[in-house]
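Please open the structure in your viewer and keep the selection tool at hand.

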Amino acid sequence: MKIANLKALDKSRIPLLTKMYDRAADLTKDCSVKKFRYGYHAIPSMGLLHLHAISQDFNSPSLKTKKHWNSFTTDYFVDSHKLIEMLKSHGKVEDMSHHSKLLSEDLRCHICKTTIKNMPTLKTHIQTCFKDS
């Protein structure tokens, strides 16, 4: 089964999305980081539907750019439960093409919403902010 993107989803895919969420939650339940979000990019960068399981400490050497950060910390990242509710209510996923502008927003801490000037400063900031949350 190949599902290209969110636009290809309808109500018949809710069981699959639920199963994907449940599997991701199961895989992350024993991680040292206990706060995760599970969801999808509004406009995916890959050709096949895939679910992200993102630790909220964002402690990753792969997270290097403002665009990448914003893809997980703005409404560009669509929570799995929100997507399922959208399908239940509307039978399809709403057009999210306008979400692309979110990738160029200022860097902000996802916890306290402070605007930060660059990624190295942000990564230092969130280490403290995450511990306090």
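## Stop 1: the sheet

Select Tyr38 together with Ala53, its bridge partner in S2. The model on the screen is a predicted one.

Now extend the selection to strand S1, residues 36–41, and strand S2, residues 52–55. S1 and S2 run antiparallel and are joined by four bridges. Two pairs can be picked out here: Gly39 stands opposite Asp79 in S3, and His41 stands opposite Phe77 in S3.

In general, the strands of a sheet pair through backbone hydrogen bonds, in either a parallel or an antiparallel manner.

With the three strands displayed together, the order across this open, antiparallel sheet can be read as S2-S1-S3. S2 and S3 are the edge strands, each with a single partner, so one side of each has no neighbour in the sheet. On average, neighbouring strands of this sheet are turned by 50° against each other, direction ignored.

Is S1 largely enclosed or largely open to the outside? Five of its six residues are buried, so S1 is largely enclosed by the rest of the structure.

## Stop 2: Thr28 in helix H1

Select Thr28, which lies in helix H1. Its relative accessibility is 10%, and Thr28 therefore counts as buried, the limit being under 20%. Display the side chain of Thr28: it reaches the backbone oxygen of Ala24 at 3.0 Å. Leaving aside residues up to four places away in sequence, Thr28 touches Phe36, Tyr38 and Ala53. Tyr38 and Ala53 are the bridge partners with which the tour began.

## Stop 3

Select helix H2, residues 66–73. H2 lies across S1, S2 and S3, and runs at about 105° to S1.

Next, select Phe58, in the loop between S2 and H2. Phe58 counts as buried because its relative accessibility is 6%.

## Stop 4: helix H3

Select helix H3, residues 80–90. Begin at its N-terminal end, which Asp79 caps: a side-chain oxygen of Asp79 lies 3.0 Å from the backbone nitrogen of His81.

Which residues of H3 are buried? They are Ser80, Leu83, Ile84, Met86 and Leu87. These residues cover an arc of only 155° around the axis, and therefore lie on the same side of H3. Colour them, then turn to the other side of H3, where Ser89 and His90 are exposed.

After H3 comes Gly91, whose phi is positive, near 80°.

## Stop 5: the loop between H3 and H4

Select Lys92, in the loop between H3 and H4. Its relative accessibility is 54%, so Lys92 counts as exposed. Apart from residues up to four places away in sequence, Lys92 touches Leu9, Met86 and Leu87; Met86 and Leu87 are among the buried residues of H3.

Move along to Lys113, in the loop between H3 and helix H4 (119–132). Lys113 has a positive phi of about 70°, although it is not a glycine.

## Stop 6: the cysteines

A disulfide is a covalent bond between the sulfur atoms of two cysteines. How many disulfides does the structure hold? The number is zero. Select Cys129 and Cys109: Cys129 is in no disulfide, and the nearest cysteine sulfur, that of Cys109, is 3.7 Å away. Cys129 counts as buried, because its relative accessibility is 13%.

Finally, select Cys31. Its relative accessibility is 27%, and Cys31 therefore counts as partly exposed.

Notes
Residues numbered from 1 in each chain as written. Heavy atoms only, no water. Buried < 20%, exposed > 50% of the residue type's maximum accessible area, 1.4 Å probe, protein only. Arc of directions from axis to C-beta. Contact = heavy atoms within 4.5 Å. Polar contact = N/O pair within 3.5 Å; in protein donor to acceptor, adjacent residues only side chain to side chain. Pairing = 2+ DSSP bridges. Axes fitted to C-alpha atoms, helices over the stretch in contact; angles between N-to-C directions. Disulfide = S-S within 2.5 Å.
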